[in-house]
Amino acid sequence: MAEPGQDWKIAALMFLYLCASFFLELIRLKEDKYYMKIAYKEAEIAYKENEIPIGAVIVCDGKVLSRAHNKRDSSNIVTRHAEIIAIEKANKKKKNWRLNDCILYTTLEPCNMCKEVIKSSKISKIVYAAVSTNNNNDLTENKFIQIKDKGIIEKSTIIIQNAFKQIREKDK
Ligand SMILES: [Zn+2]
């Protein structure tokens, strides 16, 4: 219990704590947006290559270790998802299969196959933009976080929707 007259000190400390948390959160969000934009650029490359436009970036110690986009159709290999290619590149660069001090940014919530690979790679945090509608992901896992930025979520969703629209039109 505080002694009488100490209340203002506690209030001041609480205020400082709240300010610090607020600014830390702002910095984190700014970083998330910065790296997600790089992932989005990868998705745009995939779009131009007539792939389903998904991009991924792996960041370690504040540096981009690898970036990749979906190449399933051009390679005809089912596992060539952006996240897996980015993980493989990061493994090679780090000469380590463990990526426990790294963050993965991906423009779409990872599919179940990628989720298993991500878990095996020990990546510490996964930030995604668009929500996937066709896999039953376990969202209780707190390593997977949706970015707190409506603009980039919308862009990442629309580019995928446009790609599917084009595929449907081609099939007509
Ligand atoms: Zn995947």
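Biologist: In E5, what is the bridge partner of Val-127?
Modeller: Ile-145 is the partner of Val-127 there. Strands here (E, at least two residues) and helices (H or I, at least four) are DSSP runs numbered from the N terminus. Keep in mind that this is a predicted model: local features need pLDDT of at least 70, side-chain atom pairs count only at pLDDT 80 or more, and totals for chains, interfaces and linings use all residues. Residues are numbered from 1 along each chain as its sequence is written.

Biologist: How many bridges join E4 to E5?
Modeller: 3 bridges, and the strands run parallel; strands pair if DSSP finds at least two bridges between them.

Biologist: And what stands opposite Val-127 on the E3 side, given that E3 and E4 are joined by bridges?
Modeller: Tyr-105 stands opposite Val-127. E3 and E4 run parallel, with 5 bridges.

Biologist: Is E4 largely enclosed or exposed?
Modeller: Largely enclosed by the rest of the structure, because 5 of its 6 residues are buried (20 or more other C-beta atoms within 10 Å of a residue's own, C-beta atoms being placed from the backbone).

Biologist: Which residues of H1 are buried?
Modeller: Among them are Asp-32, Tyr-35, Met-36 and Ala-39.

Biologist: What follows H1?
Modeller: Asn-50, with a positive phi near 60°.

Terms used:
Buried ≥ 20, exposed ≤ 12 C-beta atoms within 10 Å, placed from the backbone.
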